Amino acid sequence: MKRQIFTADHEAFRETVRTFLAKEVTPYYAGWEQDGIVSRDAWRAAGRQGLLGLAVPEEYGGGGNADFRYSAVLAEEFTRAGAPGLAIGLHNDIIGPYLTTLATDEQKRRWLPGFCSGEIITAIAMTEPGAGSDLQGIRTTATDHGDHWILNGSKTFISNGILADLVIVVARTTPEGGAHGLSLLVVERGMDGFERGRNLDKIGQKAQDTAELFFHDVRVPKENLLGELNGAFIHLMTHLAQERMGIAVAGIAGAEHLLEITTRYVKEREAFGRPLARLQHIRFEIAEMATECAVTRAFLDRCIADHSAGELDAVHASMAKWWATELHKRVADRCLQLHGGYGYMAEFPVAKAYTDGRIQTIYGGTTEIMKEIIGRSLLG
């Protein structure tokens, strides 16, 4: 079915993204995976190409366009290229809205130009060793010392953790406040007491630096409070729908791409003297995955359109995230199986997609959390 949500401008942007990937990412990606981190040069190249800060006002060097469809194009093309390591979606769609909607004018002048140029790489630090999706379990604390906060604690599984120049840290500023006693503090590279731990060894997305972060009596200026004091819970909940949409878009794009490469493979690969595609079981497998992808695509495109219009609610974003990522997981497993022994070889795209995509049902809120959100909306 022909997609109807994109205009000629979106498709022109898609060509720009593909050109960028071919020139600045694909030739270097294997090296980044070996290094466990992407080059800062790639971030600066993305900034020069206008791929960073799409929704940031033009006065700060951004694109000035909040149309989420452009972000969807980025997510789709990076997924098809097998290049999740350059975490532009995290930078643009997860952290960007915090800075554009919560930052003061002074903070915007200080941070957004570098955000858009690629000179400032960002991260958000919420997850702790003992607290994942449970905000009430956060133990990182920030105590008031007049003109500054003293920050202590640790975070883990932080994407862009090694490269980040600016980290939005979720910290407890009111001990008795529960989830409503949390605030967002911006920690910058070079602050005394801010240390990075290991670049964590993951089973997939090897080029994407994921780190432990430690805060030992870090002096954070009061000017680095982002948003309202003790307002982090509301701020976080406000922006989760877009985070989950970005993951969902990557999920369906990944499933569709796996289906494409597997369809080509079974047409070319022979068994018992004839192409695999001649076997009824193979045809049924492809038919089932194609149908599941088509149905999911229709729902996702509706969610993309609604979100671009500011009309998508958290429940439907949770449905999209759960369904698309679980579909990607199923399709990756089935496509690897159809590749036989070659599917288990690291140089085959299906093997890489299998390990790179496995995290999608976990980060941004697990499938179980998505079901809980949906269930509560229906049952109270």
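## Helix H5

Helix H5 is largely enclosed by the rest of the structure, because 12 of its 15 residues are buried. Buried means under 20% relative accessible area, exposed over 50%, and partly exposed in between (1.4 Å probe, protein chains only). The buried residues of H5 include Ile-88, His-91, Asp-93, Tyr-98 and Leu-102. Gly-96 and Pro-97 are also on the buried list.

H5 covers residues 88–102 and reaches 20 Å from its first C-alpha to its last, close to the expected 21 Å. The expected span is 1.5 Å times one less than the number of residues. Helices (H or I, at least four residues) and strands (E, at least two) are DSSP runs, numbered from the N terminus. H5 has a kink of about 45° at Gly-96, shortly before Pro-97. The bend at a residue is the angle between axes fitted to the seven residues ending there and the seven starting there.

## Basis of the model

This is a predicted model: local features need pLDDT of at least 70, side-chain atom pairs count only at pLDDT 80 or more, and totals for chains, interfaces and linings use all residues. Residues are numbered from 1 along each chain as its sequence is written, and side-chain values use heavy atoms, with hydrogens and water left out.

## Helix H6

A bend of about 35° sits at Trp-111, and Pro-113 follows within four residues. Trp-111 is buried. Other buried residues of H6 include Lys-108, Phe-115 and Cys-116.

## Annotated domains

An unreviewed UniProt entry assigns residues 7–119 to "domain: Acyl-CoA dehydrogenase/oxidase N-terminal". Such annotations may be inferred rather than shown by experiment; positions follow the numbering used here, and feature names are shortened. The span is 66% helix and 0% strand, with its end C-alpha atoms 31 Å apart.

UniProt places "domain: Acyl-CoA dehydrogenase/oxidase C-terminal" (unreviewed entry) at residues 236–379. That span is 75% helix and 3% strand, and its end C-alpha atoms lie 24 Å apart.

Glu-195 lies in strand S6 (residues 194–199). Its relative accessible area is 44%, so Glu-195 is partly exposed.

Met-345 sits in the loop between helix H9 (314–338) and helix H10 (349–356). Met-345 counts as partly exposed, at 35% relative accessibility.
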